[in-house]
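Subject: Structure handover

Hello,

Here is the structure I promised you. Please open it alongside this message and follow along.

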Amino acid sequence: MRRCLELSKKGLGTTRPNPSVGAVLVCDGQIIGEGYTSVYGGSHAEVNAIQSVKDKTRLQESTLYVTLEPCVHFGKTPPCTDLILSSKIPKVVIGCIDTHHKVAGKGVERLLKAGCQVVVGVLEDECIEQHKRFFCVQNRKRPYIILKWAETLDGFIAPKEKKQDRPVWISNVASQQLVHKWRTEEHAVLVGTNTAVADNPKLTARTWKGMNPIRIVLDSNMRIPLDYSLFDGDVLTLVFIDTKFEEIAISKDNITYVAIDFTKEISNQICEVLLQHNIQSVIVEGGAQTLQTFIDSGLWDEANVFVGPILFGDGIKSPRFFDIVYDEIAIKDTKLRRYKNLKQSL
C-alpha cells in the first residue's frame with residue numbers, strides 16, 4: 001500500500017476531477033504490475049496496473065492493492081470492478097472507501113457478491129490524506145484550501161513601504177521553487193487586490209515542470225491595471241469583482257469576471273463559485289487581508305508558512321491563527337512551518 005501511495009503522487013495535478021489513485025498487483029510476494037490514474041479521460045489506476053502485467057494468467061493468483069475503492073459506475077471509462085472480476089483477481093486490498101455517491105461502498109459490495117475477498121482500511125489515514133482534495137469536494141462541498149505566505153523573523157509579511165517595483169523576497173530561492181511545485185499540484189492559486197497591484201505576479205509554475213494553476217484574483221473595485229501579467233490571457237483567470245461593476249466587466253481572452261457582494265462575507269461566496277467551476281483545490285497566496293479573511297471564516301485546511309532570516313522592524317503584520325504547528329522543516333536558511341486546521345475533518 002505504501003508503494004500505491006508513492007504511485008498516486010505521480011498523477012497529482014493531472015487527473016482532476018478524478019482523484020490520483022495508485023494500484024499495485026502482488027503475486028507470490030512480488031510486485032508484478034503497478035499503475036496510477038492517467039490524465040483525466042484516460043484509464044484508472046487499476047486498469048493501468050492490470051495492463052502492465054505481462055503474464056495475465058498470474059492475475060488469478062494475485063492480490064490487488066489500491067488506495068481508493070474501485071469504481072462501480074460508467075463514467076469516461078467502464079467500471080474498474082468489472083475488469084477486476086473479469087481478470088479473476090481473487091483478493092483486493094483497499095486503502096479507503098470512496099465517498100462519492102456513485103461509489104460509497106458499492107464497489108466493495110460488487111466485489112464481495114462476486115466472491116472476491118476484500119480487505120478495507122489498510123493505511124487508511126494516509127490514503128485519505130492523499131485523496132484530501134477529492135474528499136473535501138465530496139464531503140465539504142468546497143475546494144481544499146491551502147494558505148501560503150512568507151514572514152520575517154519579527155512577524156511581518158511585507159515592508160511598510162516598498163522601495164522598488166517588484167516583490168520583496170523574504171524566503172530563499174529553494175523555497176520559491178517549492179511554491180512553483182505546489183502550483184503544479186493544486187487546481188488554482190488566489191491573491192487579493194493589494195498583492196496583485198503591488199507585485200504584478202504571474203502566478204504560474206515557471207521553475208517547475210507541470211500544469212499552471214487557474215489564477216484567481218480578488219479585484220472588487222477593478223483597480224488592477226489591465227496591462228498586468230494576470231490579464232495576459234496565457235492562463236485561465238477568474239476575477240472576482242463587486243456586483244456594482246457586473247454590467248461593465250466583459251469576459252474575454254481567458255479572463256472571466258465573476259461578481260459577488262463584497263459588502264458581505266466573501267470566503268463562502270468564493271468557495272461556492274469555485275465549486276461551480278469544478279475547482280478542487282486552491283492555494284491562497286496573499287495578501288495579509290485576504291489570508292486573514294479565510295482564517296477568520298474557518299475556511300482553510302492547511303497553512304504553509306515560510307519564516308525567512310530577515311527583520312523588517314515595521315511593516316504589514318503576518319496573518320494570525322491559533323493552531324499548533326504539526327511540522328517544521330529547514331530549507332537552507334528558511335524555516336517552513338506547516339499547520340493543519342484541526343476543526344476541519346475529511
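Predicted model: local features only at pLDDT ≥ 70, side-chain atom pairs only at ≥ 80, totals over all residues.

**Helix H7**

H7 covers residues 173-185, which is 13 residues. From first C-alpha to last, H7 reaches 19 Å, close to the 18 Å expected at 1.5 Å a residue. At its start, a side-chain oxygen of Asn172 comes to within 3.3 Å of the backbone nitrogen of Ala174.

Much of what to look at in H7 is on the inside. Buried residues are Ser175, Gln176, Val179, His180, Trp182, Arg183, Thr184 and Glu185. What do the buried residues of H7 pack against? One partner is a helix, H6 (132-140). The others are strands: S6 (144-151), S12 (281-286), S13 (302-307), S15 (325-331) and S16 (334-340).

Lys181 is partly exposed, with a relative accessible area of 26%. Glu185 has 15% relative accessibility and therefore counts as buried, the cut-off being under 20%.

**The five-stranded sheet**

This sheet is open, with strand order S2-S1-S3-S4-S5 and mixed pairing. Its edge strands are S2 (30-36) and S5 (117-120), and each pairs on one side only. On average, neighbouring strands are turned by 15° against each other, direction ignored.

S1 (residues 22-27) pairs with S2 in the antiparallel sense, over six bridges. Find Leu25 and you will see its bridge partner in S2, Gly33. Helix H4 (residues 106-113) lies across S4 (91-96) and S5. H4 runs at about 150° to S5.

**Salt bridges**

How many salt bridges are there? The count comes to 20. Two more are worth a look.

Lys132 and Glu129 meet through their side chains at 3.2 Å, N to O. Lys132 is buried, because its relative accessibility is 9%. Glu129, at 31%, counts as partly exposed.

Lys340 and Glu302 form another salt bridge, with the closest N and O atoms 3.7 Å apart. This pair links distant parts of the chain: Lys340 sits in S16 and Glu302 in S13, 38 residues apart. Both Lys340 and Glu302 are buried. Salt bridges with shared partners join Glu129, Lys132, Glu302 and Lys340 into one network.

Best wishes

Note on methods:
Residues numbered from 1 in each chain as written. Heavy atoms only, no water. Helix = DSSP H or I, 4+ residues; strand = E, 2+ residues; numbered from the N terminus. Expected span 1.5 Å × (residues − 1). Buried < 20%, exposed > 50% of the residue type's maximum accessible area, 1.4 Å probe, protein only. Contact = heavy atoms within 4.5 Å. Polar contact = N/O pair within 3.5 Å; in protein donor to acceptor, adjacent residues only side chain to side chain. Pairing = 2+ DSSP bridges. Axes fitted to C-alpha atoms, helices over the stretch in contact; angles between N-to-C directions. Salt bridge = Lys/Arg side-chain N within 4 Å of Asp/Glu carboxyl O.
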